[in-house]
Amino acid sequence: VFLMIRGPRRSTLFPYTPLFRSEETFSALRDLVRRNAPPKLIGLTGTNLVYGENRELAALCKREWPDSKVVLGHDFASLNSERILRECPDLDFVLRGEGEVGFHALAEKVLNGSSDLSDVPALAWIDSGRFRSNAPTACDLDSLPEVSRVELPRLVAEGHCGSIFTTRGCPFRCTFCTTGQISALTPSRGGYRLRSIPGVIEEVKRLRRDYGLRTLNVVDDLFFAKSDVSKARAEEFAR
């Protein structure tokens, strides 16, 4: 059983006021396990604001299911992977950068009982006191399956709009922004990628047809850049 729980205390890395009660999240997780089976791999994600809660959740999970593996992802973990792994022994792994390929590979390793992690993209871990990490991958955005929309009707009923993404990453390396710093982790020129406009338009059509959406939020970190390629792409999208 794989469980991805997004949840949120105080940390030597980033002290702050807790946003959520980790005990409540863990209670919901335990109820889910009771209806299924003990987890082998537990995935946590979130920004620096929920890092403390993620640490508490990792400790609770390890106490309840000591044989499970716990992995943390997202930008904050990606940029602080060694510090986090050394500070929080209840976390077995950190996935740096994008998680689609690396998480799938890690899940296969855990399910098969393999200890060879050398070919799991983007993975970081502590091995006999030594920090080890594999290079992150840069996904081909057009090859990814469309995101699940099972919650969209409820969100629309509550007054929210649907969202799409058309790019990922950033070509710039501003020191104050995690997007560019995460992009810098990926292979050369792989940090900023564009979905094909025909593919984006088809997704928009499906959202309009299947859910009756009239408003969409483009959630790209950087939809429009200075390059001629970006300008031409924006014009194609607009047409």
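**Group meeting: a walk through the predicted model**

Let's start at helix 8. Its buried residues pack against helix 6 (152–157), strand 7 (162–164), strand 10 (216–218) and helix 9 (228–238). Some ground rules. This is a predicted model, in which local features need pLDDT of at least 70 and side-chain atom pairs count only at pLDDT 80 or more, while totals for chains, interfaces and linings use all residues. Residues are numbered from 1 along each chain as its sequence is written, and side-chain values use heavy atoms, with hydrogens and water left out.

A few terms. Helices (H or I, at least four residues) and strands (E, at least two) are DSSP runs, numbered from the N terminus. Buried means under 20% relative accessible area, exposed means over 50%, and partly exposed is in between, with a 1.4 Å probe and protein chains only. Contact means heavy atoms within 4.5 Å.

How far can we trust the model? pLDDT is the predictor's confidence in each residue, from 0 to 100. The chain has a mean pLDDT of 88, and 90% of its residues reach 70 or more. Residues 1–12 are another matter: pLDDT stays under 50 there. The model does have 53 contacts for that stretch, beyond four places in sequence. Where pLDDT is low, the predicted coordinates should not be read in detail.

Back to helix 8, residues 197–211. Which of its residues are buried? They are I197, V200, E203 and L207. These four sit on the same side of helix 8, because they cover an arc of only 120° around the axis. That arc is taken from the directions from the helix axis to the C-beta atoms. Here is the general rule: an α-helix has 3.6 residues a turn, so residues three or four places apart point the same way. Turned away from the buried side is a face that carries the exposed residues P198 and R209.

Now length. The expected span of a helix is 1.5 Å times one less than its number of residues. Helix 8 has 15 residues and should span 21 Å; its end C-alpha atoms are 21 Å apart, so the two agree. After helix 8 comes G212, with a positive phi near 65°.

Next, the cores. A nonpolar core is a set of buried Ala, Val, Leu, Ile, Met, Phe, Trp, Tyr and Cys residues joined through side-chain atoms within 4.5 Å. The largest one has 21 residues. Which members touch the most others? F26, L44, W65, L72, I84, L91 and V94 do. At least two residues of this core come from each of helix 1 (22–34), strand 2 (41–45), helix 2 (51–64), strand 3 (69–73), helix 3 (75–79) and helix 4. Helix 2 gives the most, with 5 residues. Another core lies apart from it, with 14 residues, among them V110, L117, V120 and L123. In soluble globular proteins, nonpolar side chains tend to be buried together.

Helix 2 deserves a slide. It has 14 residues and reaches 20 Å from first C-alpha to last, close to the 20 Å expected. Its buried residues include Y51, L57, C61 and K62. Helix 1, strand 2, strand 3, helix 3 and helix 4 are among what covers the buried residues of helix 2.

Where is D92? In the loop between helix 4 (81–87) and strand 4 (93–95). D92 counts as buried, because its relative accessibility is 19%. Its side chain makes a polar contact with the side chain of K62, at 2.8 Å. For us, a polar contact is a pair of N or O atoms within 3.5 Å; within protein, one must be able to donate a hydrogen and the other to accept it, and residues adjacent in sequence count only if both atoms are side-chain atoms. The D92 side chain also reaches the backbone nitrogen of V70, at 2.8 Å.

On to the loop between helix 5 and strand 5 (123–127), where P121 lies. P121 is buried, at 16%. Leaving out residues up to four places away in sequence, P121 touches L95, V101, G102, A105, A135 and T137. A122 is in that loop between helix 5 and strand 5 as well. A122 is not a glycine, although its phi is positive, about 75°. Buried or exposed? A122 is buried, with a relative accessible area of 0%.

Last stop: S128, in the loop between strand 5 and strand 6 (130–133). Its phi is also positive, near 55°, in a residue other than glycine. S128 is exposed, at 77%.
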